[in-house]
Amino acid sequence: MEAIILQVLNGLDKGSAYALIALGLTLIFGTLGVVNFAHGALFMMGAFVAVTVKRLLGTSYEVVDETRTDFLGNPMTIDTPYVVSWFGESVGNAMVDWAVPLSVLIAIPIMAVIGVAIERGLIKHFYKRPHADQILVTFGLAIVLQEIIKAFYGANPIPTPAPSAFTGSFDIGQLFGFDPFAIMYPYWRLVYFGFSAIIIAAVFAFLQFTTFGMVVRAGMADRETVGLLGIDIDRRFVIVFAIAAVVAGLAGVMYTPILSPNYHMGMDFLVLSFVVVVVGGMGSLGGAVLAGFLLGILQSFASMSAIIELVPGINQVIIYLVAVIVLLTRPRGLLGRKGVMED
Amino acid sequence: MLGLNGKDTRLFLIVVALVVFAPFILNPFPDGVGMAQFNAGYPDLMQKLVIFGIFAVGYNILFGLTGYLSFGHAAFLGVGSYAGVWMMKLLTMNVIPALIVSVIVAGLFSLLIGFVSLRRTGIYFSILTLAFAQMCYSLAYSVLTPVTGGETGLTLSLNDPRVIGATQAADGNIPAPHLFGLEMGSSFELALAGWNFTFNVGYYLCGFVMLVAFYLSVRLFRSPFGLMLRAIKSNQTRMSYTGLNPRPYALAAFVISGMYAGLAGGLMVAMDPLAGAERMLWTASGEVVLMTILGGAGTLIGPILGAGVIAYLESIISTIGSTVLHNWFAGLPEWLENTLVNIIYPFVGSGWHLTLGLVFMLVVIFLPGGIVEGGKRISGLFGRKTEGDTTVTGEAADTTTATKPGE
């Protein structure tokens with residue numbers, strides 16, 4: 001029993017990340033009809049907003065090894081990532097160590113601007129083009145974004161710790177009457193889960209209770225009719241894209257303490273979140289969230305040593321396996337509607 | 001000639017000439033000159049150019065002709081590589097069995113994956129192939145380590161059985177891959193007034209294989225079967241209304257392109273007997289998509305051009321470091337030199353992927369027909385104006401189908 005609860009909890013943080021990215025993907029896909037391969041890059045950029053904020057404010061207790069120089073002991077040359085040469089290697093002691101949570105506030109406008117820029121600058125011209133072209137151009141965009149990040153921040157992962165108040169673990173087991181230390185859970189993962197739950201709830205509330213959201217939902221159900229009703233689709237598209245970008249970015253910001261940001265994290269998560277979208281059903285927001293948590297939890301179960309001994313390698317392929325089975329038995333995904341993208 | 005019409009024969013002869021004279025064409029600058037940086041006439045790179053050419057030509061049969069965007073073709077390349085290395089470990093260092101087995105194994109493998117994936121079309125197909133490829137990558141990386149060598153990759157060793165042929169060479173090393181005694185690595189150097197031209201056995205083998213592969217693809221493009229594939233791309237529903245089942249044709253195209261990928265993988269290990277799992281990563285699949293698109297999907301010569309350009313840029317641009325840049329602009333005032341270097345530096349060297357991504361985006365946005373269409377537009381600018389629309393035949397017709405995929 002403890003083991004099962006532990007695995008469910010372990011799956012929550014990954015599942016939250018998948019759910020948040022897949023939520024944005026589905027939102028974009030359902031309303032705009034665009035397959036956005038750059039969505040993982042948005043997640044990554046959110047994470048790097050947190051990195052930058054931490055650097056700018058110097059607000060962390062993390063101590064960088066100040067003896068770090070190149071092998072001759074010289075200062076860094078042109079191959080140094082720009083951020084290091086601008087702000088220096090040292091991070092030092094913090095005035096406030098709430099850099100990661102603070103970045104959320106800063107990331108919202110930044111990601112919104114990025115989202116608007118991408119939509120206006122690029123995606124706008126691809127609504128009428130075939131899905132293959134959309135995949136290709138956003139794939140190109142993803143490469144460009146990740147290379148820009150690599151040029152500025154270097155190729156190595158940049159540890160970005162959570163506030164010291166959230167380090168350590170929390171004994172969930174005792175809360176429910178299990179043995180002490182049976183189910184320990186890092187605080188930040190709880191925070192991440194709670195944060196994602198809030199974001200997801202906010203997005204759903206926005207879609208459910210605002211006029212704008214109603215139009216968006218109508219657009220997801222039947223795009224042509226909404227357009228024929230004389231609604232200014234263009235402006236809404238921008239806003240939907242910006243919302244999706246913000247959601248992905250915030251997922252990235254808060255994920256930094258769990259996984260040190262690196263330039264290819266976007267691509268890593270992108271493939272998985274596409275699988276999540278497909279499993280959940282393309283164009284279904286609830287499906288994306290459900291499938292995200294489901295696959296995250298399944299993955300953590302498959303990583304249990306007992307199961308790996310039983311079926312070697314299952315932890316590596318479980319998600320893809322589920323995707324293949326779902327696609328072949330129920331092509332529209334768990335909660336998908338019939339006829340979406342089945343051209 | 002060879003069952004090709006006049007236009008295709010001309011194209012084929014051009015490709016033959018390009019392949020045969022590549023050691024000259026790719027070495028335009030004498031050694032020691034600053035521009036020698038851009039020379040590509042060394043065996044490793046030339047082999048790479050034609051091998052990726054084969055890969056892209058095969059991919060084009062699926063994507064360009066049939067319209068299925070697969071994001072998992074690197075898996076077949078990887079499987080072909082592993083099969084090739086295993087043949088070299090078990091049987092002989094002769095490359096012929098390795099190549100044959102690579103093609104067969106990749107073909108069977110793609111039959112399996114294609115059979116499942118082709119139940120879906122559009123984005124679902126892309127995601128399915130992507131999922132399969134990632135699955136293969138993960139398995140090759142971890143569980144299948146006894147077969148694939150895991151993280152370190154699959155290499156030859158001195159303990160390999162090698163039933164036919166020697167386990168060890170005379171000098172006690174692992175024998176080199178060869179073609180009936182002709183070693184792949186051996187080359188003939190021709191020094192001509194400052195130029196050094198290298199004629200490499202491995203390159204010419206790859207070149208020959210590529211010509212055969214290219215010829216087959218031209219025949220396939222012009223065959224009734226090729227017409228069926230075009231029909232699938234333009235409108236599957238309409239095709240099934242005429243009483244034709246598109247599935248077997250699509251599956252055949254998938255398997256053929258998988259076999260091309262396996263052949264490319266086999267050639268890779270024939271040139272350098274080492275296979276690693278990272279060859280199967282999905283970004284590697286993305287690369288072949290880039291090549292096909294850049295050259296011009298659905299055209300005959302496009303994929304070869306695209307593969308050539310990308311493989312060339314990868315090898316040349318990625319070697320331009322800051323010192324090279326500083327040398328280039330050494331004549332300028334120092335502030336200008338530094339500014340220029342700082343502007344250009346992020347796009348070259350280790351940042352060459354940025355250039356690649358930008359070029360790719362620009363091509364998808366402004367030139368969906370790729371290099372081939374670009375060439376046509378340019379020649380259209382200089383050619384006679386009246387000719388423009390009236391002579392849309394053969395190749396031009398391909399490009400039009402490529403620019404507006406049927407959805």
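## A nonpolar patch on chain B

Helix α1(B) supplies the largest share of the nonpolar patch, three residues. Helices here are DSSP runs of H or I with at least four residues, strands are E runs of at least two, and both are numbered from the N terminus. The patch covers about 500 Å² of surface and is made by Ile14(B), Leu18(B), Val20(B), Phe21(B), Phe24(B) and Ile25(B). The elements giving two or more residues to this patch are α1 (6-20) and α2 (22-25) of chain B. Leu18(B), for instance, lies in helix α1 of chain B, and with 41% relative accessibility Leu18(B) counts as partly exposed.

A word on terms: patch residues have over 30% relative accessible area and no salt bridge, with nonpolar side chains (Val, Leu, Ile, Met, Phe, Trp, Tyr) joined within 5 Å and like charges within 9 Å. Areas come from the Shrake-Rupley method with a 1.4 Å probe, and for residues only the protein chains shown count as cover. Buried means under 20% relative accessible area, exposed over 50%, and partly exposed in between (1.4 Å probe, protein chains only).

## About the model

This is a predicted model, in which local features need pLDDT of at least 70 and side-chain atom pairs count only at pLDDT 80 or more, while totals for chains, interfaces and linings use all residues. Residues are numbered from 1 along each chain as its sequence is written, chains are lettered from A and ligands numbered from 1 in the order in which they are written, and side-chain values use heavy atoms, with hydrogens and water left out.

## Cavities

Four cavities of 30 Å³ or more are found in the structure, and the largest cavity holds about 80 Å³ of space. A cavity is a set of points, on a 1 Å grid over the protein atoms alone, where a 1.4 Å probe fits but cannot get out; lining residues have an atom within 4 Å of a point. Points are joined across faces, edges and corners, and the volume is the space filled by probe spheres set on them.

The lining of the largest cavity includes Thr31(A), Val215(A), Arg223(A), Ile233(A) and Phe237(A). At least two lining residues come from each of α8 (211-221), α9 (223-228) and α10 (233-255) of chain A, and α10(A) gives the most, with four. By class, six lining residues are nonpolar, two polar and two charged. In this scheme Ala, Val, Leu, Ile, Met, Phe, Trp, Tyr, Cys and Pro are nonpolar, Asp, Glu, Lys and Arg are charged, and the others, Gly among them, are polar.

## Salt bridges

Side chains of opposite charge can pair when their charged atoms come close. Over all chains, the structure holds seven salt bridges, each a side-chain nitrogen of Lys or Arg within 4 Å of a carboxyl oxygen of Asp or Glu. In one of them, Asp13(A) pairs with Arg189(A), with the closest N and O atoms 3.6 Å apart. This pair links distant parts of the chain, helix α1 (residues 2-32) and helix α7 (residues 187-209) of chain A, 176 residues apart. Asp13(A) is buried at 3% relative accessible area, whereas Arg189(A) is partly exposed at 24%.

In chain B, Lys48(B) and Glu314(B) meet at 3.7 Å, N to O. They too link distant parts of the chain, helix α3 (residues 43-66) and helix α13 (residues 302-317), 266 residues apart. Arg377(B) and Glu373(B) form another salt bridge, their closest N and O atoms 2.5 Å apart. These two are separated by about one helical turn because they sit four residues apart in helix α17 (residues 370-382) of chain B.

Note on methods: On a 1 Å grid over the protein atoms alone, a cavity is a set of points where a 1.4 Å probe fits but cannot get out, and a pocket is an open set with protein on both sides within 12 Å along at least five of seven lines; lining residues have an atom within 4 Å of a point.
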